[in-house]
Amino acid sequence: MRLAVDATIKTTTTENVIAETPTGRPDRVAFAGAHLDSVPEGPGINDNGSGSSTLLEIAQQIQELGIQPRNKVRFAFWGAEESGLVGSDYYVSQLSTSERKNIAAYLNYDMVASPNYVRFVYDGDGGTFGVKGPNGSNLVEKIFLDYFASQNLPTEPTEFDGRSDYDAFTAAGIPAGGLFTGAEGIKTAEEAATYGGLAGVAYDPCYHKACDSLTPVEDGADAATYAALGNTYSGDLVGNLNTKGLDEMSDAAAHATLTLAQTTSAVNGTEKGSGTPSSSNYQYKGSRLIK
Ligand SMILES: [Zn+2]
């Protein structure tokens with residue numbers, strides 16, 4: 001067989017953007033990250049404009065509301081995720097042992113407004129998929145599950161399968177968790193009954209395509225799918241974003257970030273708690289932290 005390839009290979013430079021609150025305990029960092037890049041095929045409004053804009057809004061609200069976090073909050077807008085988790089891998093590889101231990105937990109937001117969405121929460125305790133996150137990931141999962149339960153919003157577990165920027169963190173033993181609304185996977189009939197949308201159709205039919213944009217999908221093979229999706233989510237579909245899903249998921253993201261920012265307990269149950277390092281210290285009612 002002869003194979004002709006028209007390609008260019010070159011070394012290029014990209015950057016992570018990291019920002020953190022000036023105040024809060026630096027040895028109990030609440031870390032939230034989202035990748036800022038998209039695949040070359042399209043602008044990536046869902047993958048991952050949805051996650052990175054969620055982080056940006058949380059950061060702005062912390063400032064506008066004058067929140068003084070007990071623990072430092074750090075935000076990362078990762079570069080080159082789509083090239084193989086390059087930015088987050090590099091960042092974690094450069095952490096010293098103490099810098100690594102100073103991260104209480106890492107929260108990952110990669111695709112949180114899929115047009116045919118399901119509310120997926122990473123399976124931190126391995127209860128469904130048998131793959132646990134590092135010690136403490138069960139507590140991160142519980143923050144999300146308790147929040148969604150308080151809002152009467154059902155969720156599904158999703159596996160730590162190494163497909164996003166949490167991977168370097170979990171590999172380094174840092175507790176992690178996060179949210180996801182689905183990519184190329186196909187929505188089941190049961191999920192459609194619970195979450196609306198279309199069964200037998202991908203959670204994001206424009207995943208890694210040019211149509212992952214704010215422009216309405218009006219032609220090509222996906223047009224009929226999007227017309228039908230638009231009907232089931234009356235008015236909530238804007239281009240490739242499900243704004244209802246984005247609203248629900250970004251509220252949960254803000255809740256988890258603030259919970260970790262204000263908690264006095266240690267996420268990983270080791271030496272960093274100023275209170276008793278136990279899961280029973282995570283006490284909140286609805287979206288409100290009691291402690
Ligand atoms: Zn992504």
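**Aromatic pairs, cores and a zinc site**

A search of the whole structure finds 16 aromatic pairs. Rings of Phe, Tyr and Trp (its six-membered ring) pair if their centres lie within 6.5 Å; planes under 30 degrees apart are stacked, over 60 edge-to-face, and the rest tilted.

Some ground rules. This is a predicted model, where local features need pLDDT of at least 70, side-chain atom pairs count only at pLDDT 80 or more, and totals for chains, interfaces and linings use all residues. Residues are numbered from 1 along each chain as its sequence is written, and side-chain values use heavy atoms, with hydrogens and water left out.

Back to the rings. Take phenylalanine 31 and phenylalanine 169: their ring centres are 5.3 Å apart and their planes at 75 degrees, so this pair is edge-to-face. Phenylalanine 31 sits in strand E2, phenylalanine 169 in helix H5 (residues 166-171), 138 residues apart. Helices (H or I, at least four residues) and strands (E, at least two) are DSSP runs, numbered from the N terminus.

Now tyrosine 106 and phenylalanine 169. Their centres are 3.9 Å apart and the planes at 5 degrees, so they are stacked. Tyrosine 106 has 0% relative accessibility, so it counts as buried. Buried means under 20% relative accessible area, exposed over 50%, partly exposed in between (1.4 Å probe, protein chains only). Ring pairs link Phe31, Trp78, Tyr91, Tyr106 and Phe169 into a cluster.

Next, the core. The largest nonpolar core has 28 residues, and Phe75 and Leu107 are among those with the most contacts inside it. Such a core is a set of buried Ala, Val, Leu, Ile, Met, Phe, Trp, Tyr and Cys residues joined through side-chain atoms within 4.5 Å. Helix H8 gives the most, with six residues.

What holds the zinc ion? Its protein donors are His35 (NE2), Asp47 (OD), Asp110 (OD) and Asp110 (OD), lying 2.0 to 2.7 Å from it. Donors are N, O and S atoms within 2.8 Å of the metal (3.2 Å for Na, K and Ca); water is not among the atoms, so sites may look incomplete. Histidine 35 lies in strand E2 (residues 25-35) and aspartate 110 in the loop between strands E4 and E5, so the pair ties together parts 75 residues apart in sequence.

Last, confidence. pLDDT is the predictor's confidence in each residue, from 0 to 100. The chain's mean is 90, and 92% of its residues reach 70 or more. Over residues 273-291, pLDDT stays under 50. Where pLDDT is low, the predicted coordinates should not be read in detail.

Methods. Contact = heavy atoms within 4.5 Å.
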